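Hi there,

Here is the structure I promised to pass on. Have a look at it first, and then read my notes below.

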Amino acid sequence: TEERARITREIQMLYQQILVASRTDNFKRAAQLLSRYMMEYSDSENYAEKDVRKVIDALKARDRTFEESLNQLLATDLYFRISQGIMKGDLKVAVRMIRKYAMIFEGNSNIRYYYEIDRLERMLYNVITKKDLWKVMKKA
């Protein structure tokens, strides 16, 4: 479809920007772009997880702190988005961001905000269950 083609083009453009930042050793820019890419597309079928891993490993080889900095950036952004979703009463956003956190970090308890997000996830699950919002969540 047209939407799928647009998303594919966006992904390719963003990935090319990541590669350029990587080649020029612009670690801060590369981390920002990778973070954006991972946040936006980690749950997309077009997400190139193996390629992302290669870029992270290459950058980490040149800057040992790169992956840790990237993870902190991602965790902070996800925590902020989850908190905003909860404060605004937007359960769809909060649940989606929790899912992205889980997909990106795969249960690594050493990542920043792991326990806070785990607690928020349990609280949201209880609220959704108590208020019988599962049908509403499926539609969203």
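**Salt bridges and a helix pair**

Aspartate 57 is partly exposed, with 39% relative accessible area (partly exposed lies between buried, under 20%, and exposed, over 50%, using a 1.4 Å probe and protein chains only). Its partner in a salt bridge is arginine 53, at 2.8 Å from N to O (a salt bridge is a side-chain nitrogen of Lys or Arg within 4 Å of a carboxyl oxygen of Asp or Glu). Both residues sit in helix α3, four residues apart, or about one turn (helices are DSSP runs of H or I, at least four residues, numbered from the N terminus).

Before going on: this is a predicted model, where local features need pLDDT of at least 70, side-chain atom pairs need 80 or more, and totals for chains, interfaces and linings use all residues. Residues are numbered from 1 along each chain as its sequence is written, and side-chain values use heavy atoms, without hydrogens and water.

The whole structure has 10 salt bridges. One of them joins aspartate 25 to arginine 62, with the closest N and O atoms 3.2 Å apart. That pair links distant parts of the chain, 37 residues apart: the loop between α1 and α2, and helix α3. Another joins arginine 99 to aspartate 43 at 2.9 Å between the closest N and O atoms. Arginine 99 is in α5 and aspartate 43 in the loop between α2 and α3, so this pair ties together parts 56 residues apart in sequence. Asp43 and Arg99 also belong to a salt-bridge network with Arg96 and Lys100.

Enjoy exploring!

Note on methods:
Helix = DSSP H or I, 4+ residues; strand = E, 2+ residues; numbered from the N terminus.
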